[in-house]
Amino acid sequence: MRRTTHHRTIALAALTLLVAAGCGTQSGGDAGGSGTVSPSPTTSHKGCAQAKAELGAADTGHTFCLTTGDVIRISLDGTTSRPWAPVKVGGSGLEATNSGIVLQAGDASSAFKAVSAGTAQLTSSRPLCPSDPARISCKGLQDWTVTVVVTKP
C-alpha cells in the first residue's frame, strides 16, 4: 500500500502564511530605524501624503507632498557596523539645505528645501549584515527610497 501525503497542499499553505506575514521582505523599519511610530499622514495630492517634519527608515517606499518653501528632514539611524550611505536626491524640485544635526557613527541625516514644482527621489542604503573581516559576510543591501512631489501653493 502506498502512503499518500499532501506535500503540495502543505507547501502552498505555508507559502500563503509567509506572504501574509510579510516574511522575506525588508521594509527598512528594523532595529536600526527611528524607533518611533507616527500617525498616518493625510492625503493632500493624488497618490501622495502630506510630508511629516522628519522622515525615517520606516517611511521607505512612500510618496510625500511638499509645497514650494517647505523643508523636509531625513534621519536614518544606523550603526558603525551597518552604516547608512549619505542620502542622494534625483529628479527636480528639491535643493539640499543644512540639516543642522550632529551625526552619530552610521547615521545619515539630510534636509531638502522644496524650491520648484517637480518630483524627486531620495535614496540611501546600508548593508544587511554587519561587516567583520574575521567572519563571513553577506553583500546584501537594505534600500531606502522616498518619492517627493513638490507643488506650488
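Q: Which strand pairs with E9 over 10 bridges?
A: Two strands count as paired if DSSP finds at least two bridges between them; strands are DSSP runs of E, at least two residues, numbered from the N terminus. Here E9 pairs with strand E10 (residues 141-151) in the antiparallel sense. Arginine 126 has glutamine 142 in E10 as its bridge partner. This is a predicted model, in which local features need pLDDT of at least 70 and side-chain atom pairs pLDDT 80 or more, while totals for chains, interfaces and linings use all residues. Residues are numbered from 1 along each chain as its sequence is written, and side-chain values use heavy atoms, leaving out hydrogens and water.

Q: How many bridges join E6 to E9?
A: Four bridges link strand E6 (residues 88-91) to E9 (residues 118-127), and the two run antiparallel. Valine 89 stands opposite leucine 122 in E9.

Q: Which cysteine does the disulfide join to cysteine 129?
A: A disulfide is a pair of cysteine sulfur atoms within 2.5 Å. The structure holds one, joining cysteine 129 to cysteine 138 with S to S at 2.0 Å. The link is right-handed, with 110 degrees about the S-S bond.

Q: Is aspartate 107 buried or exposed?
A: Buried means under 20% relative accessible area, exposed over 50%, and partly exposed in between (1.4 Å probe, protein chains only). Aspartate 107, in the loop between strand E7 (94-97) and strand E8 (108-114), is buried.

Q: What does aspartate 107 touch?
A: With contact meaning heavy atoms within 4.5 Å, aspartate 107 touches Leu76, Asp77, Gly78 and Trp84, not counting residues up to four places away in sequence. A polar atom of the aspartate 107 side chain lies 2.8 Å from the backbone nitrogen of glycine 78.

Methods: Lys and Arg count as positive and Asp and Glu as negative; His and the chain ends are not counted. A salt bridge is a side-chain nitrogen of Lys or Arg within 4 Å of a carboxyl oxygen of Asp or Glu. A polar contact is a pair of N or O atoms within 3.5 Å; within protein, one must be able to donate a hydrogen and the other to accept it, and residues adjacent in sequence count only if both atoms are side-chain atoms.
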